[in-house]
Amino acid sequence: MANRTATPSHVPNELAGEKAQLMSASEIDRTLVRLAYEILERNNGIENLMLVGIERRGSPLAARLAQTIEGIESAAPPVETIDTTAYRDDRPKAVPRRAEDASPANFSVDGKKVILVDDVLFTGRTTRAALDALLAFGRPQRVELCVLIDRGHRELPIVANYIGRSLQTSESEVIEVRLREVDGEERVVLCDKQA
């Protein structure tokens, strides 16, 4: 999981240091505006549209996209959050899967055009877990994926519909998306993993 995003606060830091800043706060903002327009264009507005942010950094990104869409359309799509922990393929098998584990609130995706939002698309395993979790909340009309960064190295046949930026990385590198809502700062950086 550390290859995917910034290391969560409860996990020991395994990064050796920053190599480069990939996006500034203003670049993140401009990218989200572009993604909002792309989502509106492909979905012909917000009718029946729902944004679902994947915990942890996908949630604030989904909220920001909804706010941007509201500025364009004068109405915002609903935003929900989904936690994929119980649906990951690297979780202990003894842990049961329950819909209530995927989100703190109960919501329905029946008949909705759902945009899953995440910060970094890497192996595709988090997205697969999010799809499993999402289906516990009903049967959507369609599901699309929106990511701020696509860094390649897929292990599953998963492709994002909306991509902020595609970056070529090595498997020894880590992309950290730092958001003010979670990290108290706003930028995307490339780091090396510790040897």
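A residue counts as buried when its relative accessible area is under 20%. That cut-off is applied here to a predicted model.

**An enclosed strand**

Start with strand S7, residues 173–178. Six of its six residues are buried, so the strand is largely enclosed by the rest of the structure. Which residues of S7 lie on each side? Glu-173, Ile-175 and Val-177 are on one side. Val-174, Glu-176 and Arg-178 are on the other. Both faces are covered.

S7 also has a partner. Six bridges join S7 to strand S8, residues 187–193. The two strands run antiparallel.

**Backbone angles in the loops**

Two residues have a positive phi although neither is a glycine. The table sets out their values and places.

| Residue | Phi | Relative accessibility | Loop between |
|---|---|---|---|
| Asn-48 | about 65 degrees | 31% | helix H1 (25–43) and strand S2 (49–54) |

The partly exposed class lies between the 20% limit for buried and the 50% limit for exposed.

**A cis peptide bond**

Where is the cis bond? The peptide bond from Glu-55 to Arg-56 is cis. Its omega is near 25 degrees. Arg-56 lies in the loop between strand S2 and helix H2, residues 58–73.

Key
Residues numbered from 1 in each chain as written. Predicted model: local features only at pLDDT ≥ 70, side-chain atom pairs only at ≥ 80, totals over all residues. Heavy atoms only, no water. Buried < 20%, exposed > 50% of the residue type's maximum accessible area, 1.4 Å probe, protein only. Helix = DSSP H or I, 4+ residues; strand = E, 2+ residues; numbered from the N terminus. Pairing = 2+ DSSP bridges.
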